[in-house]
Amino acid sequence: MQITSPAFKQNARIALKDASLQKALGNLKAGFPVKRAQAVARLPEFDALRDEARDLKNHILENLDIYLEQFENKVVQQGGQVHWCRSSDDACKTILDICKQVDAKTVTKGKSMVSEEINLNDYLEKNGVTPVETDLGEYILQLRGDHPSHIIAPAIHLNLEDVSEAFHQHHHRPKSDDPAVLMREAREVLREQFVAADVGITGANFLVAETGSTLIVTNEGNGDLTQTLPKTHIVVTSIEKVVPTLEDMTLFLRLLARSATGQEFTVYNTLSSGPRRESDQDGPENFHVVLIDNGRSDMLGGELQDMLRCIRCSACMNHCPVYGAVGGHSYGWVYPGPMGSVLTPQMVGIDKAALLPNASTFCGKCESVCPVRIPLPKLMRHWREREFEQHLSPRAVRYGIGGWAFFAKRPRLYRLLSQASNLALRLLGGKKGLIHRLPLGAGWTDGRDMPAPSGKTFMQQWQAKQQAQQKQQQSPQEQQS
Ligand code: SF4
């Protein structure tokens, strides 16, 4: 996937004018956040579970090597193989090698954001292996040559008409706008692919160290067919997904579905523990886990470690006013929204993604809904600081911050300047108290009027408040003297 994060502003402008996208985003805002709030209200211990999940994830990250080795040993004991991959290239090559070993021509795929991260589909296609996405949203995108715009609802940017048109063009059947007909059509086409595939590739929501199992959650059941029907099952996943025990996994599952879609539990929760045994009725003959690092171990022990707690629920983007206005494609890479604004600079470089940590109002909603309490605004601020240090921010911003710092270090001068600015802005606001054009602030006033300050500066109000409090505390005699 080509990175367009440096063009975030242009992408966002186009997205804001795209009526079809705006309609689709309207559905998102009316859906997931409302359902999450209802699910949370039904579970009084939700906040206590969030604390527990945060602490458990922190413990796992501090002992990541131990749990990953335990996981690997269990997988091997059960007849599977674990492949450790430092980079996207390593992972793609490893997966292609496995496909070649079994002479695979077609692979079915369950939804996996990690496979998007490593650009697996393009790599396989270039090397003569055809990937077929089986998650309905991903399947629609593949037909359209499109990319996910959301981590759990990849085609959220599309409307029914878009899906109807894509199916009509590719399935060569009469056009329909009945969702049930479209679903049946997709099911019929995909059934043939499930049976024909030589390899099934899925992601994993969690890896269980005590049992050597991988788990995926889906609402469609496509993951089950992807991993049980082909002779070879490859799980492509990343190192931070490991949890110590099955019981620990259930803690995260209770939070994941509620935070994501507002469900109590996702419909299918499927565990894979190695290849098929003699007593099993079905299952793959070969089982591989491709464990990807891709910059994650660099985050351990550093300022971004908290981000490794992420369980990819999407709550932060579902509640983000910026994501809700411009959609996922504007962010220009695999992970959108607040979590993407932290992860993308880490994975593709701050020089290519400097605009993303700035695409935030810092309203704090993302942190307030995150089930593992990731301090997303703080982590975005970390990137803003790196951006400033590396002189990646526009010159006007750097000079502006430099000027502000000069005055902030000289309180008297700062107060005088604040008072003068306050007065100037009030005059600029005129009788209506609205500023239509602000010098150096066109980014704000081009789209809306800015209210002029209505009274005294913060410092003046603060001093007045302090004086009033002191007066109240004085005895009547002191006040008279
Ligand atoms: S950062 Fe938190 S809210 Fe966002 S996807 Fe990850 S776990 Fe969910």
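What percentage of the 481 residues in this protein is buried? Hold that thought for a second, and keep in mind that what we're looking at is a predicted model. Okay, here it is: buried residues make up 48% of the protein.

Let's start with the overall picture. Along its principal axes, the C-alpha atoms fill a box of roughly 95 × 50 × 45 Å. In there you'll find 24 helices and twelve strands.

Now, the domains. The assignment gives us three: domain 1 is 1-42 + 316-393, domain 2 is 73-299, and domain 3 is 410-464. If you take the centres of domain 1 and domain 3 over their C-alpha atoms, they're 29 Å apart.

So what about the inside? The largest nonpolar core has 102 residues, and Ile-95, Met-307 and Tyr-335 have the most contacts within it. Helix 12, residues 246-260, is the top contributor to this core, giving seven residues. The core also takes at least three residues from domain 1 and at least three from domain 2. And there's a second, separate core of 15 residues, with Tyr-139, Leu-143, Leu-158 and Leu-182 among them.

Let's zoom in on Tyr-335. Skipping neighbours within four places in sequence, its contacts include Met-113, Ile-151, Arg-296 and Leu-343. Across the protein, take the contacts between residues at least 6 apart in sequence: 73% of those join residues at least 24 apart.

On to the rings. How many aromatic pairs does a search of the whole structure find? Eight. One of them is Phe-458 with Trp-462, which is stacked: the centres are 6.1 Å apart, with 20 degrees between the planes. Both residues sit in helix 23, four residues apart, so that's about one turn of the helix.

Is Phe-458 buried or exposed? Exposed, because its relative accessibility is 61% and the cut-off is over 50%. Trp-462 comes in at 43%, so Trp-462 counts as partly exposed.

Elsewhere, ring pairs tie Phe-8, Tyr-323 and Tyr-331 together into a cluster.

Lys-57 lies over the face of Phe-252, 5.5 Å from the ring centre. Then there's Arg-410, whose charged end sits over the ring of Phe-406, at 3.9 Å from the centre. Have a look for both of those pairs in the structure above. That's me done, thanks!

Methods
Residues numbered from 1 in each chain as written. Predicted model: local features only at pLDDT ≥ 70, side-chain atom pairs only at ≥ 80, totals over all residues. Heavy atoms only, no water. Domains from an automatic or database assignment. Phe/Tyr/Trp six-rings, centres within 6.5 Å; stacked < 30°, edge-to-face > 60°. Helix = DSSP H or I, 4+ residues; strand = E, 2+ residues; numbered from the N terminus. Buried < 20%, exposed > 50% of the residue type's maximum accessible area, 1.4 Å probe, protein only. Lys NZ or Arg CZ within 6 Å of the ring centre and 35° of its normal. Contact = heavy atoms within 4.5 Å. Core = buried A, V, L, I, M, F, W, Y, C linked by side-chain atoms within 4.5 Å.
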